Amino acid sequence: MKLIEKRVVLHFPGFEPLDGAAHRARYERSAKQSAAVWGYSVEIGAFAAGSDPQSFEVTTDGGGASGTAGDAASGETGSRGWLTKSRIHMVDHAMFVRSLRSGNTVSQIIAGFRSCAQIMLEGGMRGYFRHAWRFGLFFLFPFLLTALAMALTAQIAVMPYSLGFSPWHMLWSGPLGLCFFIFAFLPFSERFHTLHLFADWKMAVALGRMDRADFNDWLEDRATAVREALTEQADEYVISSHSMGSNVAAHVIGILLEREPEIFKGKRVVFATLGSAILQCALLSSARVLRARVGLIARCPDISWLDVQCLTDSINFYKVPVVAVSGHADAPPARMILIRVKQMLTREHYRKIRKDQLRVHRQYVLGPDLQAPFDFTLMTSGPMPASVFAYPEKHRLSA
């Protein structure tokens with residue numbers, strides 16, 4: 001198998017309030033963890049001046065611990081005889097995360113429940129429970145939790161009246177109910193990232209309906225920027241996406257294929273969706289554009305689609321064929337890769353995070369404690385083609 005010497009990576013992060021610099025810092029931490037676990041050396045460069053999307057170079061060297069930054073910079077290979085340079089482009093959407101989280105608490109809650117109603121009316125919730133009931137519970141949880149708190153607030157406010165006291169007593173019970181909601185419920189709800197999830201569902205509606213000019217214009221702009229990044233010569237092009245970022249990636253790749261159907265011809269392209277949330281948007285009845293773009297990607301003969309899923313991650317559609325469910329049963333399916341977070345972490349580490357579903361959901365793009373069948377750094381910066389991750393019997397590093 002020919003090793004990768006030069007790779008271009010376009011990474012679409014998930015719905016997190018992190019800009020390109022923060023994602024680069026996370027990538028560096030994860031890469032160093034991976035290098036320590038697998039025994040190779042890694043060097044993370046600074047952002048390239050004026051790059052759009054922001055990009056940086058990663059050099060991995062098979063010399064392992066004995067390899068030095070100087071060896072990597074000079075282009076000399078380590079004892080294993082390989083050296084790989086990867087240009088990582090971070091196509092983040094932090095500006096939309098900040099925008100959707102802006103406004104006071106009341107406006108965020110109202111907008112969140114509006115999104116909930118839109119998803120229900122468009123058949124999204126029915127689709128979630130039909131194909132992945134745990135994702136359906138993930139959808140309902142923040143809204144049910146907030147609705148319960150609002151009901152308790154109202155109950156506290158009307159308690160004197162319900163007990164037969166004079167309505168004048170509501171002059172103190174009403175403020176008491178508000179104090180419960182503001183000073184007790186809201187801090188408690190932040191443990192579950194409730195308002196953040198409300199914003200996530202607002203973005204899901206926007207990417208499904210495609211009815212917001214700011215989102216649509218931004219997607220067109222990102223497609224132009226990604227098109228430019230793809231002009232760089234490389235042995236392999238990896239388009240990776242995590243969670244909500246998979247919807248952004250599907251739109252951007254779809255736009256490129258609509259403009260130039262032969263854009264990937266002659267290139268080795270891997271589309272890796274990690275804990276994908278494509279069906280979070282594609283199951284909305286109005287998401288016709290997104291579903292059409294999923295079909296374009298699936299039918300492109302130059303793209304190998306790897307759909308990485310995890311049993312213990314409730315925020316993904318485990319064992320659900322995304323292409324077929326998006327309405328393209330006759331198209332080549334994405335290759336499912338089933339992973340286990342507990343295989344990537346020590347027992348103590350896994351026990352510490354397993355009850356935090358958002359933390360488990362982030363593990364796809366974080367560094368490992370142990371050598372495991374899946375490693376994000378090796379997929380995007382290692383010497384082996386990204387497609388080897390579709391085959392558990394294959395080695396992750398060059399011998």
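M210 is buried in this predicted model, with a relative accessible area of 18%; buried means under 20% relative accessible area, exposed over 50%, and partly exposed in between (1.4 Å probe, protein chains only). The residue is placed in the loop between α8 and α9, where helices (H or I, at least four residues) and strands (E, at least two) are DSSP runs, numbered from the N terminus. M210 has a positive phi of about 55° although it is not a glycine. Most residues other than glycine have a negative phi, and most peptide bonds are trans. The model is a prediction in which local features need pLDDT of at least 70 and side-chain atom pairs count only at pLDDT 80 or more, while totals for chains, interfaces and linings use all residues. Residues are numbered from 1 along each chain as its sequence is written, and side-chain values use heavy atoms, with hydrogens and water left out.

Helix α8, which M210 follows directly, covers residues 194-209 and has 16 residues. From its first C-alpha to its last, α8 reaches 23 Å, close to the 22 Å expected at 1.5 Å a residue; the expected span is 1.5 Å times one less than the number of residues. Of the 16 residues of α8, 15 are buried, and the helix is thus mostly covered.

A positive phi is also found at K319, about 60°, and K319 is not a glycine. K319 is located in the loop between β7 (303-310) and α13 (322-325). At 51% relative accessibility, K319 counts as exposed, whereas M210 is buried. A further backbone feature is the cis peptide bond that joins D52 and P53, with omega at about 0°. P53 is in the loop between β2 (41-47) and β3 (54-61).

Strand β3 contains S55, which counts as buried because its relative accessibility is 3%. Leaving aside residues up to four places away in sequence, S55 touches A46, F47, A48, R87, I88 and H89, contact being defined as heavy atoms within 4.5 Å.

Two helix pairs were examined. Two packed helices are described by the angle between their axes and the distance between the axes. Here the axes are lines fitted to C-alpha atoms, for helices over the stretch in contact, and angles run from 0 to 180 degrees between N-to-C directions. The axes of α6 (residues 133-162) and α7 (residues 170-189) come within 7 Å and cross at roughly 160°. The angle makes α6 roughly antiparallel to α7; angles under 35 degrees count as roughly parallel, over 145 as roughly antiparallel, 65 to 115 as roughly perpendicular and the rest as oblique. The crossing of α6 and α7 is right-handed, a crossing being right-handed if the near helix is turned clockwise from the far one by less than a right angle, and left-handed if anticlockwise. Residues of α6 in this contact include L145, A149, L152 and I156, and those of α7 include W172, L176, F180 and F181. By class, the contact of α6 with α7 has 17 nonpolar, five polar and no charged residues. Ala, Val, Leu, Ile, Met, Phe, Trp, Tyr, Cys and Pro count as nonpolar, Asp, Glu, Lys and Arg as charged, and the others, Gly among them, as polar.

Helices α9 (residues 213-229) and α10 (residues 245-259) pack at an angle of about 70°, with their axes 9 Å apart. This makes α9 roughly perpendicular to α10. The crossing of α9 and α10 is right-handed. Among the contact residues are W218, L219, E220 and R222 of α9, and V248, H251, V252 and R259 of α10. The contact of α9 with α10 has eight nonpolar, two polar and four charged residues.

Q280 lies in helix α11 (residues 278-282) and, at 2% relative accessibility, counts as buried. Beyond residues up to four places away in sequence, Q280 touches Y128, F135, D200, W201, A204, M244 and F317.

W305 is in strand β7 and counts as buried at 6% relative accessibility. With residues up to four places away in sequence not counted, W305 touches F271, T273, I278, V294, I297, A298, V322, V323, A334 and R335. W305 and T224 are 81 residues apart in sequence and 22 Å apart in space, C-alpha to C-alpha.
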